Every structure is written in structure tokens, then in C-alpha cells.
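This report goes through selected local features of one protein model, with short sections on helices, side-chain contacts and charged pairs. Please keep the sequence and coordinates open while reading.

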Amino acid sequence: MEELIGKKAVILGGSGGIGAFVSKTLAKTGVSLFVHGSSFSEKFLHLEKELKEIANENNSCIQTIIQNISTENIINFDSTPLMEAIKTCQILCLCFGPFLQKPLHTTSTSEWIETSLMNYTLPGCCVSAALPNMQKNNWGRIILFGGTRTERINGFVSNAAYAGAKTGLSSLTKSVAISYASYGITCNAIMPGFTDTEYLSEEQRNLLANKMPNSSLISPKTIASLVKTIICTPELNGALIPVDSGWSP
């Protein structure tokens with residue numbers, strides 16, 4: 001991991017779920033890690049302590065950024081500490097994006113706006129902000145998170161608004177890859193299936209596991225390990241990677 005030592009990495013949504021596992025994995029690589037969380041909590045404080053212990057053992061540097069992101073304040077996102085960190089990073093991992101499961105005829109205007117802003121516009125803004133510094137350094141890694149079956153255009157019965165925004169991320173991924181490869185910048189997207197995180201109740205775990213082809217949830221450690229592999233593999237660029245045990249046809 002010598003090539004990552006000292007590089008600045010920003011994990012948007014790094015305080016919980018998949019993002020927390022990504023944060024713990026990258027803390028072992030010697031990076032200067034900025035971990036975003038939406039609010040102070042006992043869980044986040046515990047993660048921060050764990051990350052600093054990992055960092056001390058691996059010559060990494062850890063900083064946390066607490067910033068609530070909403071449809072009301074995204075218009076002022078450019079002038080925030082989080083965006084300032086993004087503008088000077090070499091590694092950007094976007095694990096943030098609220099899920100919406102609703103059929104189209106019950107999806108409200110406000111839900112359309114929030115879903116598209118948080119799952120497409122926000123990642124786009126972050127990518128655009130990060131690219132100039134990556135170009136200047138002739139090196140950059142961007143990892144986005146799509147949704148299951150959003151690596152190409154599909155129809156969705158129960159989550160069309162969310163899936164549409166995530167499908168847009170697939171286009172963004174390939175657009176960045178083809179436009180900035182000459183600067184040593186790669187952009188790839190992971191499409192996880194149902195993943196075993198602390199946000200699921202036991203009932204939800206059982207229900208979602210039964211929907212998976214192998215009746216088992218995806219491990220967040222597996223996804224975090226893949227993020228590290230992507231960062232360390234410059235030849236991997238523009239890839240839309242399903243991690244769903246074969247659910248995607």
C-alpha cells in the first residue's frame with residue numbers, strides 16, 4: 001500500500017453501514033482519511049475511536065467531518081468544510097444516498113426532488129469538485145455506489161425514482177472514466193445487493209436474505225475490500241461492478 005501513503009481520501013457517508021467498513025479498511029493503508037457523518041452520535045464517536053486506533057497502528061491520519069446534507073442546504077454545499085476537503089482529495093468514495101421504495105403513483109414531488117438530489121446531483125457535484133485537484137496531481141480514484149440492476153437501463157416496479165437516479169450514476173461513472181483517464185484518474189461504481197449492516201432489523205435481515213439467490217446477505221467487509229482493490233488497480237476504469245451473488249441477470 002505504499003502508493004497510498006499520505007494520499008487524502010474522503011469518505012462521504014463513512015460513519016455507518018458500508019461506509020464505516022470502507023473507512024476502517026482505508027485507515028489501514030496509510031492514507032490521510034476524512035470521514036463524513038451526518039450527526040454526532042455515540043455510534044460515530046465509537047467508530048472515530050476505533051479508526052484512530054487503526055490509524056495509529058498504520059501511520060494513517062484520521063479526521064471526521066460532521067455535516068448534515070439535505071435538500072434545504074445542498075444549495076450552499078460549495079462553502080462547507082466537507083466540500084473543501086473534497087476539493088483537495090485524491091481518493092473520493094461516495095457511500096451516501098438515501099433509499100426510497102415506493103411505486104410511481106405514490107411518489108410525491110418532494111420525494112422525487114430529494115431522491116434525485118441526494119443520489120445523483122450530490123455525487124455529481126462532489127465529482128466535479130474533486131476532479132481539478134486530481135488533474136493537477138495526475139492521480140485520482142473515484143468510487144461511486146449504484147443500486148442493484150442499475151448498471152444498465154431497467155424497469156423497476158417498487159423503486160423507480162431511486163433506481164433512475166442510480167442509473168444516472170452509471171453514466172456519470174463512464175463519463176468520468178473516458179474523459180479523465182489521461183490524467184491518471186479512474187472512476188468505478190459498485191452495485192451492491194442487499195447488504196448486512198446495522199440498519200437492518202433481524203426481521204429485515206431474514207426477509208432480504210431470502211430474496212438473494214444464495215439466501216445470504218452481502219458482507220460489508222467484502223465490499224470494503226473491493227473498494228481497496230479498485231483504488232490499487234489503475235487498469236480498472238469505468239467498471240460497473242455488481243456485488244449481489246448473481247442477482248443481476
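Which residues does Asn133 touch, not counting residues up to four places away in sequence? The section below takes this up.

## Asn133 in helix α4

The model is a predicted one. In it, Asn133 touches Lys87, Thr88, Cys89 and Gln90, leaving aside residues up to four places away in sequence. Asn133 itself sits in helix α4, which covers residues 109-137.

With a relative accessible area of 10%, Asn133 is buried, because the cut-off for that class is under 20%. Its side chain reaches the backbone oxygen of Cys89 at 3.2 Å.

## Cysteines

How many disulfides does a search of the whole structure find? The count is zero. Cys61 is in no disulfide, and the nearest cysteine sulfur to it, that of Cys89, is 15 Å away. Cys89 is likewise in no disulfide; here the nearest cysteine sulfur belongs to Cys126, at 9.0 Å. A disulfide would need a pair of cysteine sulfur atoms within 2.5 Å.

Accessibility is 38% for Cys61, which counts as partly exposed.

## Helix α2

Helix α2 runs over residues 42-58. At 1.5 Å a residue, its 17 residues should span 24 Å, and the end C-alpha atoms are 25 Å apart, which agrees. Its buried residues are Phe44, Leu47, Glu48, Leu51, Ile54 and Ala55. Seen down the helix axis, these residues fall within an arc of 130°, so they line one face of α2. The elements that cover them include α1 (17-26), β2 (32-37) and β3 (61-66).

The face of α2 turned away from the buried side carries exposed residues, namely Glu42, His46, Lys49, Asn56 and Glu57. After the helix comes Asn59, with a positive phi near 55°.

## Salt bridges

How many salt bridges does a search of the whole structure find? The search returns seven. One of them joins the side chains of Lys24 and Glu50, at 3.8 Å from N to O. This pair links distant parts of the chain, since Lys24 is in helix α1 and Glu50 in helix α2, 26 residues apart. Glu50 is partly exposed, with a relative accessible area of 28%.

Lys52 counts as partly exposed at 39% relative accessibility, whereas Glu48 counts as buried at 17%. Arg205 and Asp196 form a further salt bridge, their closest N and O atoms being 2.6 Å apart. Arg205 is partly exposed at 21% relative accessible area, and Asp196 is partly exposed at 32%.

## Helix α7

Helix α7 covers residues 220-231. Its twelve residues should span 16 Å at 1.5 Å a residue; the end C-alpha atoms are 17 Å apart, which agrees. Which residues of α7 are buried? They are Pro220, Ile223, Ala224, Val227, Ile230 and Ile231. Viewed down the axis of α7, they fall within an arc of 115°, so they line one face of the helix.

What covers these buried residues includes helix α1 and the strands β4 (91-94), β5 (140-145), β6 (185-192) and β7 (240-243). At the N-terminal end, Ser219 caps α7 through a side-chain oxygen that lies 3.2 Å from the backbone nitrogen of Lys221.

## Gln101 and its contacts

Gln101 lies in the loop between β4 and α4. It is partly exposed, with a relative accessible area of 48%. The C-alpha atoms of Gln101 and Ala160 are separated by 8.0 Å, although the two residues are 59 apart along the chain.

Which residues does Gln101 touch, not counting residues up to four places away in sequence? They are Ser158 and Asn159. With Ser158 there is also a polar contact, side chain to side chain, at 3.3 Å.

Methods: Residues numbered from 1 in each chain as written. Predicted model: local features only at pLDDT ≥ 70, side-chain atom pairs only at ≥ 80, totals over all residues. Heavy atoms only, no water. Helix = DSSP H or I, 4+ residues; strand = E, 2+ residues; numbered from the N terminus. Expected span 1.5 Å × (residues − 1). Buried < 20%, exposed > 50% of the residue type's maximum accessible area, 1.4 Å probe, protein only. Arc of directions from axis to C-beta. Contact = heavy atoms within 4.5 Å. Polar contact = N/O pair within 3.5 Å; in protein donor to acceptor, adjacent residues only side chain to side chain. Salt bridge = Lys/Arg side-chain N within 4 Å of Asp/Glu carboxyl O.
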